[in-house]
Amino acid sequence: MHGDPIPEGNGHLEASAARPMHHYTPGSKLVVRRVEDAGADFFRRLQALEITLGKSYELLSISAFDGSLEVVSSGADGVQPGPPFFLSRTMSSNIYVEEL
């Protein structure tokens, strides 16, 4: 996975609270901690959506029809948030986040 923690010199590995994005509920404010390696198309889509490690998002809604998530990037330090966009259930299951 990209963003996996690196063990300390003594081999200790701190546990991560990150879970797949689709595990959260609308209104949750989330930060991307790591992503599963789901192939080149997946990474191209992440890049097109400007989804990067450490970036924050708000989960706006979850489709009852197909489980897709509507999210918006959180504006940081006076930066306006971007427009909302949708992630498929498959994409969101490969993006691991922590709640802020």
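Colleague: Why is F42 called buried?

Modeller: The relative accessible area of F42 is 7%. Buried means under 20% relative accessible area, exposed over 50%, and partly exposed in between, with a 1.4 Å probe and protein chains only. The value of F42 lies under the 20% cut-off, so F42 is buried. The model is a predicted one, in which local features need pLDDT of at least 70 and side-chain atom pairs count only at pLDDT 80 or more, whereas totals for chains, interfaces and linings use all residues. Residues are numbered from 1 along each chain as its sequence is written, and side-chain values use heavy atoms, with hydrogens and water left out.

Colleague: How do you know which class F43 and E50 belong to?

Modeller: F43 has 25% relative accessibility and therefore counts as partly exposed. E50, at 53%, passes the 50% cut-off and therefore counts as exposed. E50 is placed in the loop between α1 and β3, and its phi is near 60°, a positive value in a residue other than glycine.

Colleague: What makes F42 and F43 an aromatic pair, and of which kind?

Modeller: Rings of Phe, Tyr and Trp (its six-membered ring) pair if their centres lie within 6.5 Å; planes under 30 degrees apart count as stacked, over 60 as edge-to-face and the rest as tilted. The structure holds 2 aromatic pairs. In the pair of F42 and F43, the distance is 5.4 Å centre to centre and the angle between the planes is 70°, which gives an edge-to-face pair.

Colleague: Why is the pair of Y57 and F85 assigned to its class?

Modeller: The ring centres of Y57 and F85 are 6.2 Å apart and the planes stand at 90°, so this pair is edge-to-face. The pair links distant parts of the chain, with Y57 in strand β3 and F85 in strand β5, 28 residues apart. Both Y57 and F85 are buried.

Colleague: How do you know how many helices and strands the protein has?

Modeller: Helices (H or I, at least four residues) and strands (E, at least two) are DSSP runs, numbered from the N terminus. The protein has 2 helices and 6 strands, and from the N terminus on the elements run β-β-α-β-β-β-α-β.

Colleague: What makes β2 and β3 paired strands?

Modeller: Two strands pair if DSSP finds at least two bridges between them. β2 and β3 are joined by 3 bridges and run antiparallel; the partner of L30 in β3 is Y57, and K29 stands opposite E58. β2 is also joined to β6 by 5 bridges, again antiparallel, with V31 opposite E98. β3 in turn pairs with β4 over 5 bridges in the antiparallel sense, and there Y57 stands opposite S73. β3 and β4 form a hairpin with 6 residues between them, and G67 in the turn has a positive phi of about 80°.

Colleague: Why is β2 described as largely enclosed by the rest of the structure?

Modeller: Of the 7 residues of β2, 5 are buried, so the strand is largely enclosed by the rest of the structure.

Colleague: What makes a set of residues a nonpolar core, and which residues have the most contacts inside the largest one?

Modeller: A nonpolar core is a set of buried Ala, Val, Leu, Ile, Met, Phe, Trp, Tyr and Cys residues joined through side-chain atoms within 4.5 Å. The largest has 18 residues, and those with the most contacts inside it are M21, I51, L87 and I95. The elements giving two or more residues to this core are β2, α1, β3, β4, β5 and β6, and the largest share, 3 residues, comes from β2. In soluble globular proteins, nonpolar side chains tend to be buried together.

Colleague: Which residues does M21 contact, apart from its neighbours within four places in sequence?

Modeller: Contact means heavy atoms within 4.5 Å. With those neighbours left aside, M21 is in contact with L30, L59, L69, V71, L87, S92, I95 and V97.

Colleague: Why is S92 called buried?

Modeller: S92 has 0% relative accessibility and therefore counts as buried. S92 is placed in helix α2, residues 89-93, and a polar atom of its side chain lies 3.1 Å from the backbone oxygen of R89.

Colleague: What makes R19 a charge over the ring of Y24?

Modeller: A charge sits over a ring if NZ of Lys or CZ of Arg is within 6 Å of the ring centre and within 35 degrees of the ring normal. R19 lies over the face of Y24 at 4.5 Å from the ring centre, and R34 lies over the face of Y96 at 4.2 Å.

How values were computed. Polar contact = N/O pair within 3.5 Å; in protein donor to acceptor, adjacent residues only side chain to side chain.
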